[in-house]
Amino acid sequence: MDESRVVEVSATLPSGTSSFGSGYVVGAGLVLTARHLVCGGDGTVHQKVVIRAVTDGTPFRCQVAWAGRADLDAALLRCDGLMPLAEPVRWGQLVASDAADVEAAGFPRSMEQPGGLRDVENLRGKVSPGTGVLGGSLYVDVTGARPRPGLWNGMCGAAVQCGSL
């Protein structure tokens with residue numbers, strides 16, 4: 001996993017509260033994240049969408065370039081000033097009969113530091129291809145320490161990678 005691509009995503013909701021989660025830089029000025037972090041259930045874009053780069057903590061204001069469908073829960077952000085990356089992201093589909101090792105990096109509530117900033121969690125686990133097949137979802141069986149329920153909040157939007165894909 002290229003941690004220089006990992007970003008924290010936050011948005012201000014109409015109520016004035018904030019949503020927070022994770023994202024991954026997929027191209028020059030483009031971040032892939034979870035739709036529910038930056039849009040309401042009706043597709044209305046939240047105010048003040050900001051990412052924070054993991055490399056140096058620099059914040060960037062962003063616009064929602066694509067909000068996807070609610071059932072897909074994916075969004076693409078355009079972030080002016082975000083430095084372009086040399087290598088494009090490789091995309092793939094898991095096609096395996098055995099469990100595959102995966103990793104993700106994000107900003108769960110369990111990594112909140114004094115002062116409110118969240119640090120990065122490097123999650124490792126396995127995906128069993130047959131699990132969740134009827135619902136069209138993949139499930140990660142996390143290896144290592146697992147936070148208590150509710151403390152995973154903030155990992156949504158994190159890219160899950162298997163090898164170089």
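Select β2 and strand β3 (residues 30-33): these two pair in the antiparallel sense over 4 bridges. A strand here is a DSSP run of E with at least two residues, a helix is a run of H or I with at least four, and both are numbered from the N terminus. Two strands count as paired if DSSP finds at least two bridges between them. Strands of a sheet pair through backbone hydrogen bonds, either parallel or antiparallel.

Before you go on, know that this is a predicted model, where local features need pLDDT of at least 70, side-chain atom pairs count only at pLDDT 80 or more, and totals for chains, interfaces and linings use all residues. Residues are numbered from 1 along each chain as its sequence is written, and side-chain values use heavy atoms, with hydrogens and water left out.

**Stop 1: the β2-β3 hairpin**

Click Gly-27 and look across to Leu-30, its bridge partner in β3. The hairpin has 2 residues between its strands, and Gly-29 takes a positive phi near 75 degrees there.

Now colour the whole of β2 (residues 18-27). Is this strand mostly buried or exposed? 9 of its 10 residues are buried, so β2 is largely enclosed by the rest of the structure. Buried means under 20% relative accessible area, exposed means over 50%, and partly exposed lies in between (1.4 Å probe, protein chains only).

**Stop 2**

Next, select strand β1 (residues 6-12), which pairs with β2 in the antiparallel sense over 7 bridges. Between these strands the hairpin has 5 residues, and Gly-16 in it takes a positive phi near 95 degrees.

Which residue is the bridge partner of Glu-8 in β2? That's Ser-22. In β4, the bridge partner of Glu-8 is Arg-52. β1 and β4 are antiparallel too, with 5 bridges between them.

**Stop 3**

Pick out Lys-48, which is found in β4. Its phi is near 45 degrees, a positive value in a residue other than glycine. Most residues other than glycine have a negative phi. Lys-48 is partly exposed, with a relative accessible area of 47%.

From β4, step over to strand β5 (residues 59-66): the two pair in the antiparallel sense over 4 bridges. Ile-51 has Phe-60 as its bridge partner in β5. Their hairpin has 5 residues between the strands, and Gly-57 takes a positive phi near 80 degrees.

Keep going past β5 and stop at Asp-73, in the loop between β5 and β6 (75-79). Asp-73 also has a positive phi, near 55 degrees, in a residue other than glycine. At 30% relative accessibility, it counts as partly exposed.

**Stop 4: the open sheet**

Now select β7, β8, β9 and β10. In what order do the 4 strands of this open sheet run? The order is β9-β8-β7-β10, and the pairing is antiparallel. β9 (140-142) and β10 (160-161) stand at the edges, each with a single partner strand, so one side of each is left without a neighbour in the sheet.

Zoom in on strand β7 (residues 100-106), which pairs with β10 in the antiparallel sense over 2 bridges. Ala-104 has Val-160 as its bridge partner in β10.

**Stop 5: Cys-156**

In the loop between β9 and β10 you'll find Cys-156. It is partly exposed, with a relative accessible area of 27%. Which residues is Cys-156 in contact with, leaving aside its neighbours within four places in sequence? They are Phe-20, Gly-21, Ser-22, Ala-34, His-36 and Leu-37. (Contact means heavy atoms within 4.5 Å.) Try a distance to Ser-19 as well: Cys-156 and Ser-19 are 137 residues apart in sequence and 11 Å apart in space, C-alpha to C-alpha.

**Last stop: zoom out**

Show the whole chain as a cartoon. The protein has 1 helix and 10 strands, and from the N terminus on they run β-β-β-α-β-β-β-β-β-β-β. Along its principal axes, the C-alpha trace spans about 45 × 35 × 35 Å. Of the 165 residues, 38% count as buried. Finally, among contacts between residues at least 6 apart in sequence, 57% join residues at least 24 apart.
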